[in-house]
Amino acid sequence: MSRSGDPESESSDLPAGHVSRRGLIQTAAVGTAGTLVVGTTPAAASPRPSPGADGSATPDDCSPMPDFSSGSAALDPDRVVASACQFCNSNCRLRIGLKVGRIIEVRGEPDDPVQAGNLCVKGPAMTELVYNRHRLTTPLRRVSGTKGSSTSVFAPVSWDEALDLIAKRLLRLRDDGEARAIANRTSGRLPRGVGSLVARLFAMLGSPNDTDVGPVCNDAGGDALAMTFGLPNFTNGYGVDPATGQEDLGSTRYLLMLGTNQAETHPVTFAHLLRSRERTGARLVVVDPRRTPTAALADTWVAPKPHTDLALILGMLGHIVATGRYDHEFVGRWTVGFDELVRHLHGRGYRPSWAAEITGVPAAVIEQIAEEYAAARPAAIFCNAGISHQLGAFDTYRAIAMLATITGNVGVPGGGCNFMHNTWPGGLCLPPLPGPVPQRGPALPVGPDAFAESILSGRPYRLRAVITEGNPLVSSANTSKVREAYRQLDFYVYTGLFMEEAAYYADVILPVCSGLEFEGVYMRRDDRAIRWQDAAVPRVGQSRSDIEIWVDLAQALARNDRRHSRSYWTDAFPSRWRDYRHLWAEFVAHTPGMGGMTRERLRSRSEPLRWPCPDLDHPGVSTLYHDHPSWYRAAESLDPANRGKRFLTPSGKIEIVTPAQERLLAPSGHTALPFFYTHPEVTGGHPTIAYEPGFITNPLKPQALTHPVRLAVPGSKAIHRRYPLMGMTGRPSVAHFATVTHWTPTGKRLNGVRLIQIHPDTARAHGIAAYDDVIVESPRGAVTGTALLDPGIRADTIFVPNTFGPAQLVGYQFGDPRYQAVNHLLDDRYHDNLSGQQAYKCFACRLRKAPA
């Protein structure tokens, strides 16, 4: 973006954001290196140390400086509000101290044993969303200008005017028989339950295209968990299980982390695991092509090629089975399809030596971690975007679930398949609609990038109106294609805090409030735990919560609908639901397994409460599928048919493979027993995927379409003749969470420069020195960044941080470049056709030093 503010303008043939800043980056990197850590709040400060032999404090044990704000008439809060951080799934409580209505301090919750008073660097930055001069404060409508350009002119309008404009456009499409041409795309930033309101409104309009954030986040993990165990959720819990009085994940003896950098993505819950590890001596093994801050703390760091985790897991499975290291008793009692798995692994030759050829990890290392994991009781697996963002994500997660199964690490404290972001609450239930609704045809293929294809090509049909609660101009693969699609889109509504990249394409812009301005349940912890938060400060400007926006849009539809009476909408969306307390009561009353999660109970707790929790006497479930009365009671509350079931599959057992699974998956090209294939841009010419041109009903999401595929088709090495490296994307650092933290001064001060991680040998071969400006090119496009030389990454791989975008104005404060989104480099064709996961974790690329 140019200094004029145009998010697309470029002043040369270099990718936007090219600025020579080698000397400045060297200074900035040193100046902030020590700040990106988990730290205790003043409330949890260390006690005063003992004096040395001579009576003085020892240099290594100096006492902390007293908190001189304590006792200050000006700086002592006159009120403390219990809020919560919205920046990751650690779900930390924020104790917000206010003086005359202004936030003057942010502390952690010392009475939560998991949080232990801790906050990472992002927690206090929540205040920077409230006190931010770039906030959107009033609804806006487009007056003139080309979509996507800063020449666009937006004029303030009232909320009623904005919502009436939206309602009329949606109703016109519906009345023209084009209801399916209306779509919504949610994001992870939303208060819990917004998706339920969107689904209700879209059902009444007659559109099937009310999509969620899952394909960008982790739908694949949830799909695999549901098929294998019965529920799509993170299986174990942080802290003590109230039903048993025993530690759950803190009791594990082995932490196997695949594609998850929790030190930077879930710092506070990871700190809890590290504290527990000091007590138990648990072994930590991290599988990641880069030596992340998480891997730096590991006993073993394993660095496979990007997008080859499926081969690694299949090799581990093959070794455990072939050497008889599986849990014979558990397998015999609680599984279906184990014998078929044994034949499958043997018949395809899935052994460590085979996996070593694909992954680049020595066979001896694969054997070692397989044997360690099988021997440790209990052992916990953690996965995140590093697995989710692969085109074989569903099959990889299924293989991981099988690994936990055959070793007896499912349904036990300290074990499980803890796939991040497979959390709850998600599908919150409302009362049945009072009347009939239109029949809806099939939704677009899963994966929000199908929006761009639909808009541009009309396949399988054309979208004409889209509402988003996120920023597809940064988050979607193949950004150039997405940009063109939103330029051509007939009608677009952007809701958000700031004028992000997507806002420049909007016809209507709606300002939302931040988490500290909202009462209710905002974020959630990975282990299905939620906490209530009170609003700490008044709304900024005319901003509204997302809950209010959707209820108010229903009221606008009531005002403008000529086909139905007002009551069609108002009975389905009563105005009292604008108050989240009333809406939450509806969710509690109508959502299975949620009867014990009332506002009053949540507000009274220092710790969050885990679902399922069927009544006020139930403690909530920590370990799913635990052979314990508390679990069986909760399982029955989800569905009376679950009575007596340990696992909530049709058979009541863990389903490795069944005839029903095979019949379900066959039309899509998949099988229940996974076999190896990978992204075509992984070096080595491995078996890959081919997409058929037609559409079928998605077997895992029958409301939507998908392309059938052919798996394990021969790969090619041709692309790597021109693009010899493999690129990965991911979170820049602990300072950032999605794009929103790039609008905070803290986020931009600490990590406002896109540091591209390159192995020193690779940099030397390309004539690149530390902190040089570099250009990364793929067959789709090019982006710029600054070279960060690090031996802790594979020499054939580079890491390009995501979430940077050209509209992030806060960077000007620190002289930061305005970067184009890294997703310009990605090919949106390659995705998991079952879950819709985009393949962000591998793209063929080349590297060169930028001209001075």
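Here are some questions and answers about the predicted model shown above.

Reader: Before we start, what ground rules apply to the numbering and the values?
Author: Happy to set these out: residues are numbered from 1 along each chain as its sequence is written, and side-chain values use heavy atoms, with hydrogens and water left out. As this is a predicted model, local features need pLDDT of at least 70 and side-chain atom pairs count only at pLDDT 80 or more, while totals for chains, interfaces and linings use all residues.

Reader: What radius of gyration does the chain have, and what would a compact globule have?
Author: The radius is taken over C-alpha atoms, and the globule rule is 2.2 Å times the number of residues to the power 0.38. For 852 residues that rule gives a value near 29 Å, and the chain agrees with it at 26 Å.

Reader: What percentage of the residues in the chain is buried?
Author: Buried means under 20% relative accessible area, exposed over 50%, and partly exposed in between (1.4 Å probe, protein chains only). Of the 852 residues in the chain, the buried ones make up 63%.

Reader: How many helices and strands does the chain have?
Author: Both are DSSP runs numbered from the N terminus: helices are H or I with at least four residues, strands are E with at least two. The secondary structure comes to 26 helices and 33 strands.

Reader: Is Arg93 buried or exposed?
Author: Arg93 lies in strand 3, residues 93-99. Its side chain and that of Glu109 are joined by a polar contact of 3.4 Å; such a contact is a pair of N or O atoms within 3.5 Å, where within protein one must be able to donate a hydrogen and the other to accept it, and residues adjacent in sequence count only if both atoms are side-chain atoms. With 5% relative accessibility, Arg93 counts as buried.

Reader: Which backbone nitrogen does the side chain of His679 reach?
Author: His679 sits in the loop between helix 24 (659-665) and strand 24 (688-691), and its 3% relative accessibility makes it buried. Contact means heavy atoms within 4.5 Å, and not counting residues up to four places away in sequence, His679 touches residues including His307, Tyr830 and Cys842. At 3.0 Å, the side chain of His679 reaches the backbone nitrogen of Glu681.

Reader: Which side chain does Asp827 join in a polar contact?
Author: Asp827 is in the loop between strand 32 (797-801) and strand 33 (843-849). It counts as buried because its relative accessibility is 8%. At 2.6 Å, the side chain of Asp827 makes a polar contact with that of Arg829.

Reader: What is the relative accessibility of Arg528?
Author: Most residues other than glycine have a negative phi, and most peptide bonds are trans. Arg528 has a positive phi, near 70 degrees, and is found in the loop between strand 20 (508-511) and strand 21 (529-530). Arg528 counts as buried because its relative accessibility is 0%.
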